[in-house]
Amino acid sequence: MKRYLPFIIVGVIALATLGSGAILYRAKRPQLLAIPENKMLSGKSDAESMHVRGNPDAPVTLEEFGDFQCPPCGSFAGFIDGLVKEYDPHLRVVFRNFPLKVHEHAREAALAAEAAGLQGHFWEMHDVLYREQMVWTKAPNVRELFDSYAATIGLNVDQFRKDLDGEKVKARVDSDQERGHSFGIEKTPTIFINNRSLGSSDRTPEGLRATIDAALKAKAATK
Amino acid sequence: MTVSRFRNILYTVAAIVSLAGLADATYLTVQALTGETLGCGGSPDCFRVLGSSYARVGGIPVALFGVLAYFSAFAFATFAAFGYARARLLLIPTIGAMFLATLWLLYVQAFLLHAYCRYCLFSAAITFLLAGLVIALPPERDASGA
């Protein structure tokens, strides 16, 4: 029996590795989401109801559902900013709030970004929140920090505080979240390029660029 | 404790340590195959590391080579612990190759990507530990005199 024992052990581990890998793969396999036609983003007419970075008339739209407390979203934000510059004026980025319940301060951060948006500084607050993510996520009182960020980016802090507790920003965050839920989104960041979510091979810098290039080509072909 | 018993303990420890590396590499392979490099267990730099061109060789995720390497190390260490001489001979070059590959991957993260993926660092730590265990193995000739 002892003679066969190493074969049995190695065989069991091989099967366990394959089995757990397959289970993990099935659990993590991305669902290809598509935005229904009635909820697709169109051109400039939508610009007032969403936060757009880049040329509002760009042929390619990257719609991101993000959570300010999610570390990969923070890392991804810098990359997306680079993409907007790289593809200017052919790419616009639309940010949607999708604060996850597991993140304690994510909803408050989304509200802070929207409150800054009411004073026309959404993207400045967006950038500060991601840049300072490691600081405010661990802070006992995030409100104080958000106030200081508001002051740093030149907001009227009293108005910012009022807006933060107002119905308008709550409605805005809820509307983004409902939009995400209606597409079946469960995690962040979830990215759509021209209303289609990314496939598994597209979730790399090269994959994203290839998807944007393909969307640009498709747009040019339909003109 | 006899030298041969000490060697067997080291082989057993190496097999157990390899299992930790195997689990890590399996997780990273699944991340690469599912395109979950955006999230990657909350590690902010995973996207930059696992999404980079260095994370694949000929379209195959580097992590998959890691799975094969750790599995080989585990199998050789297990057989060596049961007294298979050929497995002992194969274990050392396998871990040596893993050590060199780890040095390259650390160089890529530190100097080319300027980003570290915590799962890759864990894998590097496991490989260094395996290399240390192999170095700690008493020479073969001592076993006969034990």
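Trainee: In what order do the elements of chain A run from the N terminus on?

Mentor: Happy to start there, keeping in mind that this is a predicted model. Chain A has 9 helices and 5 strands. Read from the N terminus on, its elements run α-β-β-α-β-α-α-α-α-α-α-β-β-α.

Trainee: And which pattern does chain B follow along its sequence?

Mentor: Chain B comes to 6 helices and 2 strands. Along the sequence, the pattern of chain B is α-α-β-β-α-α-α-α.

Trainee: What is the order of the strands in the open sheet of chain A?

Mentor: The sheet has 5 strands, with mixed pairing. At its edges stand β1 (51–54) and β5 (196–197) of chain A, each with a single partner strand, so one side of each has no neighbour in the sheet. The order of the open sheet in chain A is β1-β3-β2-β4-β5.

Trainee: Do β2(A) and β3(A) pair in the parallel or the antiparallel sense, and over how many bridges?

Mentor: Good one to check in the structure. Within this pairing, A:Thr61 has A:Arg92 in β3(A) as its bridge partner, and A:Phe65 stands opposite A:Arg96 in β3(A). The sense of the β2(A) and β3(A) pairing is parallel, over 7 bridges.

Trainee: In which sense do β1(A) and β3(A) pair?

Mentor: Look at A:Val52, which stands opposite A:Val94 in β3(A). There are 4 bridges between β1(A) and β3(A), and the sense of their pairing is antiparallel.

Trainee: How many of the 7 residues of β3(A) are buried?

Mentor: Start with what lies around the strand. α2(A) lies across β1, β2 and β3 of chain A, and helix α8 (residues 167–182) of chain A packs on the sheet, touching β2 and β3 of chain A. β3(A) is largely enclosed by the rest of the structure, because the number of its 7 residues that are buried is 6.

Trainee: At what angle does α2(A) run to β3(A)?

Mentor: For α8 of chain A, the direction makes about 105 degrees with that of β3(A). For α2(A), which lies across β1, β2 and β3 of chain A, the angle to β3(A) is about 155 degrees.

Trainee: What handedness does the β-α-β unit of β2(A), α2(A) and β3(A) have?

Mentor: The two strands of this unit, β2(A) and β3(A), pair in the parallel sense. With α2(A), they make a β-α-β unit that is right-handed.

Trainee: Which elements do the buried residues of α2(A) pack against?

Mentor: α2(A) has 17 residues and reaches 25 Å from its first C-alpha to its last, close to the expected 24 Å. Its buried residues include A:Phe76, A:Ile80, A:Leu83 and A:Tyr87. They pack against elements of both chains: α2 (46–50) of chain B, together with β2 (60–66), β3 (91–97), α4 (122–131), α5 (133–136) and α9 of chain A.

Trainee: Which element gives the largest share of the side of chain A that touches chain B?

Mentor: Across the interface, 29 residues of chain A are in contact with 28 residues of chain B. On the chain A side, α1 (5–28), α2 (71–87) and α9 (205–222) each supply at least two residues. That side divides into 14 nonpolar, 9 polar and 6 charged residues. The largest share, 12 residues, comes from α1(A).

Trainee: Which residue just after α1(B) takes a positive phi?

Mentor: Follow helix α1 (residues 3–34) of chain B to its end; the helix has 32 residues and reaches 46 Å from its first C-alpha to its last, close to the 46 Å expected. Just after it, a positive phi of about 75 degrees is taken by B:Gly35.

Trainee: Why does B:Phe65 count as partly exposed?

Mentor: B:Phe65 is found in helix α3 (residues 62–81) of chain B. In space, C-alpha to C-alpha, B:Phe65 is 9.9 Å from B:Thr26, while 39 residues separate the two in sequence. A residue is buried at 20 or more other C-beta atoms within 10 Å and exposed at 12 or fewer. B:Phe65 counts as partly exposed because its number of other C-beta atoms within 10 Å is 16.

Trainee: What percentage of the 146 residues in chain B is buried?

Mentor: For chain A, 37% of its 223 residues count as buried. For chain B, with 146 residues, the buried percentage is 47%.

Note on methods:
Residues are numbered from 1 along each chain as its sequence is written. Chains are lettered from A and ligands numbered from 1 in the order in which they are written. This is a predicted model: local features need pLDDT of at least 70, side-chain atom pairs count only at pLDDT 80 or more; totals for chains, interfaces and linings use all residues. Two residues are in contact if their C-beta atoms, placed from the backbone, lie within 7 Å. Ala, Val, Leu, Ile, Met, Phe, Trp, Tyr, Cys and Pro count as nonpolar, Asp, Glu, Lys and Arg as charged, and the others, Gly among them, as polar. The expected span of a helix is 1.5 Å times one less than its number of residues. Two strands pair if DSSP finds at least two bridges between them. Axes are lines fitted to C-alpha atoms, for helices over the stretch in contact, and angles run from 0 to 180 degrees between N-to-C directions. A crossover is right-handed if, with the strands pointing away from the viewer, the path from the first strand over the helix to the second runs clockwise.
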